[in-house]
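Here are my notes on this one, point by point. Have the coordinates open while you read.

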Amino acid sequence: MQEKSILVYGVSKWHPALRFIGESLAEEFKLLGYNVVYCDCNANDSFKSSMQLLNSGKIAFSVGLFALGVEWGSNGQMVYPYSQIDIPHVSVMLDMPYSKYAKGYSSKCKNHIVTVIDKTAVEYIKMMYPDKSENVLFLPLAGAANDSEIDIFEIDKKYDVAYISGIWSYGGNHEFIKRKWHESRYNRHISLILDDVADYLECNADSVYTAFKYVLEARGLYGEEYLRKLTPYFWDMLFYTKVWRRIKGLELLVKNDIQVDVFGDGWEQVPFAERLRLHRSVTYEDTLRIYAQSKILFQDAGEFNHGANDRTFNAMMNGAVLVTEYSKYLDDNFVNGQDLFMYDWQNGENQVKVIHELLADDCRRLAVAVNAYGKASRFHTWRNRAQTILEAVHLLYDRDR
């Protein structure tokens, strides 16, 4: 009997990271010896043929980013093809579940695995979707090497310190660090709680979920019901925190007279813009080349302080030394000061001074980059993540392959 295939949903348009990650997972499943069908969700013909395969019994399981594959719009109606069929589906998530851009957690799917890139999101999902049967898989994002044929440690380092991320603003009016809950439409008691959560996150490298839980318990408000009442405000807090950390992170460098090349939109509006080397936004593939051309990559953790984003491992896989906001997950899997360098929001102004030391000592910088590359290339590639997905599917659903 012909071996069944893995169906991978991706996109050719929309967000460049979705296209790259979807194609990477499909390729790694192939390299692990599996038959793979790739569905471009931007192409109707590709979608139709994938639906035919689903109904033919030729698919072992499927994988899609966010809600790709499990939610479809048809004639103005949402369609949930996995609500009736027994084929397992893995929804690979690229953001926290309370981000307004993260969809697919509550999709109608009989055999559903949803991934999280931060361990604190596991509690959040179980709290918010207690009646759903989905299984949760911790799957931090992974890294990839750029397409250069030159050894990554031989590539010319044209950038001393690089930062790759745009900055969000409210409604395009360039209001960045703004506590929206101070507007009159917010309940006064809620606003006081939100202020305390924001204050906590400005001092602690932690997740929004953990911060809300901490602040409520400090008030004596224990239990999930209190947290559920505040979940409508998680997105406002996530937005605020991401913007605050991105701006304050680069301010740490500016205050220490560290020159940084910034790739991303919106930075020309910050008060210290004249002290940044500003570049246009770049494609996902271009970011990999920039990592390879950088001595150091500086980043905030993107609120994944108990997990990791793809920038983390992309930097390591391309020979850049990572200076990153603290993450408990990274602390458990790497040696701070040997594989990477971490800063936090209480001591960051002193901690980033190590950048001066690294730029002045090529031997030390190269040793750190080599250490990080060795661990990332062994444990944190998309091949590793594809293997983890396979293990989860086989354990839960006993697939033949």
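1. The largest nonpolar core runs to 140 residues, and Y9, L25, F29, M237, L250, F298 and I389 have the most contacts inside it. By core I mean buried Ala, Val, Leu, Ile, Met, Phe, Trp, Tyr and Cys residues joined through side-chain atoms within 4.5 Å, with buried meaning under 20% relative accessible area (1.4 Å probe, protein chains only). Helix α7 (residues 234-255) supplies the largest share of this core, 13 residues.

2. Before going on: this is a predicted model, in which local features need pLDDT of at least 70 and side-chain atom pairs count only at pLDDT 80 or more, while totals for chains, interfaces and linings use all residues. Residues are numbered from 1 along each chain as its sequence is written, and side-chain values use heavy atoms, with hydrogens and water left out.

3. Setting aside neighbours within four places in sequence, I389 is in contact (heavy atoms within 4.5 Å) with L25, F29, F61, V63, V90, V92, L137 and L139.

4. Next, look at α7 with helix α5 (residues 208-218). Their axes come within 10 Å and cross at roughly 115°; axes are lines fitted to C-alpha atoms, for helices over the stretch in contact, and angles run from 0 to 180 degrees between N-to-C directions. On the α5 side, V208, Y209 and F212 meet F234, M237, L238 and T241 of α7. That contact divides into 6 nonpolar residues, 1 polar and no charged.

5. Now the open sheet: 6 strands in the order β11-β10-β9-β12-β13-β14, with parallel pairing. Pairing here needs at least two DSSP bridges between two strands, and the strands themselves are DSSP E runs of at least two residues, whereas helices are H or I runs of at least four, all numbered from the N terminus. β11 (277-279) and β14 (341-343) are the edges, each pairing on one side only. On average, neighbouring strands are turned by 25° against each other, direction ignored.

6. Which residue is the bridge partner of V161 in β12? It is I296, and I296 also stands opposite V321 in β13. β9 (residues 159-164) and β12 (residues 294-299) pair over 3 bridges, while β12 and β13 pair over 4 bridges.

7. Helix α8 (residues 284-292) lies across β9, β10 (261-263) and β12, at about 150° to β9. Helix α9 (residues 310-317) touches β9, β12 and β13 (321-325), and its direction makes about 170° with that of β12. As for β13, 5 of its 5 residues are buried.

Notes: Buried means under 20% relative accessible area, exposed over 50%, partly exposed in between (1.4 Å probe, protein chains only). Ala, Val, Leu, Ile, Met, Phe, Trp, Tyr, Cys and Pro count as nonpolar, Asp, Glu, Lys and Arg as charged, and the others, Gly among them, as polar.
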